[in-house]
Amino acid sequence: MKPYHISIDGQAVPYQPGQTIMEAATAAGIYIPHLCHNPEFKPHGSCKLCTVKVNGRSAAACTMPAGEGQEIQNNTPELNATRRAITRMLFVEGNHICPGCEKTGNCQLQAVGYYVGMLDTHYPHFFPTRRVDASHPDVMLDLDRCIVCELCVRASRDVDGKNVFGLAGRGLQTRLVVNSASGLLKDTDFSAGDKAAQVCPVGAILIKRKGYEVPIGERIFDHHTIGEVSLEHDQAVLGADHG
Amino acid sequence: MPLSDADLVHLRTIVARHGGEPTELLQILREVQAYLHHVPHEAMVFLYEVLQVPPAQIQGVVEFYSFLSTTPRGHYDLRVSDSITDQMLGSRALAADLCERLGVRLGETRADGAVSVDYTSCTGMCEQGPAGLVNGLALTRLDRARIGRIAELVEAGAPLEAWPEEFFAVADNVHKPGLLLENGFEPGAALAKLFERGRDATFAELEQSGLRGRGGAGFNTAWKWRFCYEGPDEDSFCPMDKRSEVQRFVICNADEGEPGTFKDRVLLNSHAHRVFEGMTVCAALVGAKRGFLYLRGEYLHLYQPLLAVLEERRRLGLLGQTIQGREGFDFDIKIHLGAGAYICGEESALIESLEGKRGNPRNRPPYPVTHGYLGQPTVVNNVETFLSAAMIALHGGAWFAAHGTEKSKGSKILSISGDCARPGIYEYPFGTTVAEILADCGASDPFGAQVGGPSGTFISDKEFGRKLAFEDLATGGSFIVFGQGRDPLEVARNFTHFFAHESCGFCTPCRVGTALLRNIHDKICAGHGTPYDLAELADLGKIIKGASHCGLGQTAANPILTTLERYPGLYEARLKETVFQPGFDLDGALEVSRRLTGRDDAHAHLEQANQ
Ligand SMILES: Cc1cc2nc3c(=O)[nH]c(=O)nc-3n(C[C@H](O)[C@H](O)[C@H](O)COP(=O)(O)O)c2cc1C
Ligand code: SF4
Ligand code: SF4
Ligand code: FES
């Protein structure tokens, strides 16, 4: 096969036609921060954390196809500042209570925060009033931390074949809703074993009776950066796809 | 509130009228809203059962569009346009007056369910404002007297048919016709010419004309149509006659949501034949059988007249089967109404909306021209673009290209509003200077103009020599004049609120960023800003521009960035001298308690803010 290449921060990176920039970067061991993307699902392009510059123009690496002649900037001070701002926006949009959150230490939003050097939330908080749905026997939905990445929407629809979630509202009021006549999780066929119950990058979908299982010091991001964890996961998925 | 049997029968009729098609969801929901004054939970459950559309999708759609609501609106649902031009004409005082007369709070529905009053984004009546809507129908030239009369009619329960006709009168106000509007047009003439010349020669005329899209971005129209005709890459392997079997669609974008734009309204009101003929020419060239006119909900008053034009064209053999006797040339057009969402003017969001979904812009590539409506090759063009295409098909490419500039051929129709003596419609060859336009519309000594609407460019009085053209000032058609005494900060504030209100919410930088911009800008306008906040505005603006998913987010900071650049002194004059100020007003936070306790004495106030 004819070798195709793009350049990421000056490094030649091979790609196959049809691959996104994110996929090519992942295969080459280059981490591009992301939250709404997970190679197990169709790319979505909504969080914009993966914003890179392609020949000087901004693009989301997770949805942008790799193509000949692309000079891509990824790890630059300017782009990292943009990512820090976006991460902060996600924090102030919801109610994030990191120290007390059951997901703390295993939360991707928090880990991205470490990665981009975020020391405070900087912007004024919106303190939204959001509902907790504890109706389901095994799973709890605490939307205070939902970042509307739609990973659960995609997982439930495309993998579980159940279509349990959807989005409603517009603008800052955009929110996750449950696909049942009552709007409650208990009235769906959702189960804790669903893919959608596992994919939430933050502490919005929580399995009940499992809180704080892992002691501080042994949590995922106590020892690894999101870059390492993410590359390992994403490469495994991509490898499985191709193998 | 369980639905009555009569309600259920009615809902069933609505669904049946739309063939029970899930793509018709938005159209169905509009009618449910009109009938029940909201879309109650029970109606969503009902639709979920009959349409087999998941409840979350129905809820998602209802909550996305401004003209649909999950809680009851009044039987008279009044909305006052909150566009900057309406504000300049006193709309806010009129809205307050209306609320007071009716005893209802803005944004709320009166307890007896009779009436609700709210603001709405630009209704496209900028040159005959202050404007509003009642149950979706346009109200123009509001003033104290009309507001008083409206309140009486509401209290008397008078049906809208009994309201004075002049309240609903929408004028064209064409002050300066040019290349397109000066020349007459016989329905069918462009199509006849097309068949006389043949497809390839007509394509060549279109190419020669240099026509670029009139919706703002200015993409070459001939190229767009050719891409659509040639189809997606995966099809390019199959022979041309096979490719012609692909379903294609032609969509006319009449969403016209950019504040200050109303020229498409006039074109559809008085020149609909040309617009539909342009769509039919396009269909003939690209091989489409079905077309849509996506008409913004604010132009509900045009819906019936446009249906009548379509019917007439069918009668004339210009739409439907075997058009103009050409075997195999079948094409028809359907009108889809929007429901109050500026983002649905963005072409891929428009297509989502046509498919009965929330108006979220899609990821690109692929582009609509290869993967549009139902994933099929689709042309989306502005109303004026189709009208121009019809005129080019009739008069030829050279006729058109003889006007305008090197990179912007032909003419541009402008909607002019704001501080000028003769607001309305003007048509100019590209290359005309702002100064000339200002003189024509009777703008005496303005301090600036907004060209291209909030997403366009603000130009100060030092820049009036600039030219209307894609090379300099591109515009979809909005041209708002600001006279001396207007405050650029208030203008920027109105636009910034508009964007925050209209962000679809799909991507983080726009969803959160526009709300942050709005809050910080408000803070400065309220006199609580600091130099730090100014720096923050500039910084945030840059980030939102660079990282947003679509044109809305990418331009949302323009009003702030361009006014900051031109009037730094005005911004600085509003600042507190301290380096940091809290974003909220401690005393203001006590307002609710004061209302609840009925106290407003000195001890019920804090001194904090005014030292
Ligand atoms: C937020 C947003 C709103 C838009 N609104 C409109 C509109 O109301 N009418 C329109 O023709 N184009 C609008 N556009 C541009 C369309 O996406 C598209 O470019 C245009 O319809 C193409 O037609 P043209 O090639 O004839 O200009 C909008 C774009 C954005 C990003
Ligand atoms: S619940 Fe979790 S996975 Fe679902 S949209 Fe919210 S953050 Fe994403
Ligand atoms: S830029 Fe704004 S309007 Fe456009 S997709 Fe993003 S959130 Fe939606
Ligand atoms: S990871 Fe690409 S936009 Fe979210």
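Which residue has a backbone N or O atom that lies 2.9 Å from an oxygen atom of ligand 1? In this predicted model, that residue is B:Glu256. A backbone N or O atom of B:Arg214 also lies 3.3 Å from an oxygen atom of ligand 1. On the nitrogen side, a polar backbone atom of B:Gly345 is 3.3 Å from a nitrogen atom of ligand 1. On its own, ligand 1 has 610 Å² of accessible area, and the protein covers 88% of this area.

The shell around ligand 1 holds 18 residues, of which B:Gly215, B:Glu256, B:Asn381, B:Asn382 and B:Thr385 come nearest. By type, the shell divides into 9 polar, 6 charged and 3 nonpolar residues. Two elements of chain B, β9 (378-382) and α23 (551-555), each supply at least two residues of the shell. The largest share, 3 residues, comes from β9(B).

Salt bridges were examined next. Side chains of opposite charge can pair when their charged atoms come close. Over all chains, the structure holds 54 salt bridges. In one of them, the closest N and O atoms of B:Asp97 and B:Arg144 are 3.2 Å apart. B:Asp97 belongs to helix α6 (residues 91-102) of chain B and B:Arg144 to helix α7 (residues 144-155) of chain B, so this pair ties together parts that are 47 residues apart in sequence. B:Asp97 counts as buried because its relative accessibility is 11%, under the 20% limit. B:Arg144, with a relative accessible area of 48%, is partly exposed.

A salt bridge also joins B:Glu207 and B:Arg226, with the closest N and O atoms 3.1 Å apart. Here helix α10 (residues 199-209) of chain B, which holds B:Glu207, is linked to helix α11 (residues 221-230) of chain B, which holds B:Arg226; the two residues are 19 residues apart. B:Glu207 is partly exposed at 36% relative accessibility, and B:Arg226 is partly exposed at 27%.

For the salt bridge between B:Arg313 and B:Glu277, the closest N and O atoms are 3.0 Å apart. B:Arg313 lies in helix α15 (residues 303-315) of chain B and B:Glu277 in helix α14 (residues 272-286) of chain B, 36 residues apart. B:Arg313 is buried, with a relative accessible area of 0%, and B:Glu277 is buried with a value of 0%. Elsewhere, a network of salt bridges links B:Arg73, B:Asp77, B:Arg79 and B:Asp118.

Another arginine, B:Arg594, is part of helix α27 (residues 591-597) of chain B. B:Arg594 counts as buried, at 6% relative accessibility. Leaving aside residues up to four places away in sequence, B:Arg594 touches B:Asp587, B:Gly588, B:Arg599, B:Asp600, B:Ala604 and B:His605.

Notes:
Residues are numbered from 1 along each chain as its sequence is written. Chains are lettered from A and ligands numbered from 1 in the order in which they are written. This is a predicted model: local features need pLDDT of at least 70, side-chain atom pairs count only at pLDDT 80 or more; totals for chains, interfaces and linings use all residues. Side-chain values use heavy atoms; hydrogens and water are left out. A residue is near a molecule or strand if one of its heavy atoms lies within 4 Å of it. A polar contact is a pair of N or O atoms within 3.5 Å; within protein, one must be able to donate a hydrogen and the other to accept it, and residues adjacent in sequence count only if both atoms are side-chain atoms. Accessible areas come from the Shrake-Rupley method with a 1.4 Å probe; for residues, only the protein chains shown count as cover. Helices (H or I, at least four residues) and strands (E, at least two) are DSSP runs, numbered from the N terminus. Ala, Val, Leu, Ile, Met, Phe, Trp, Tyr, Cys and Pro count as nonpolar, Asp, Glu, Lys and Arg as charged, and the others, Gly among them, as polar. Buried means under 20% relative accessible area, exposed over 50%, partly exposed in between (1.4 Å probe, protein chains only). Contact means heavy atoms within 4.5 Å. A salt bridge is a side-chain nitrogen of Lys or Arg within 4 Å of a carboxyl oxygen of Asp or Glu.
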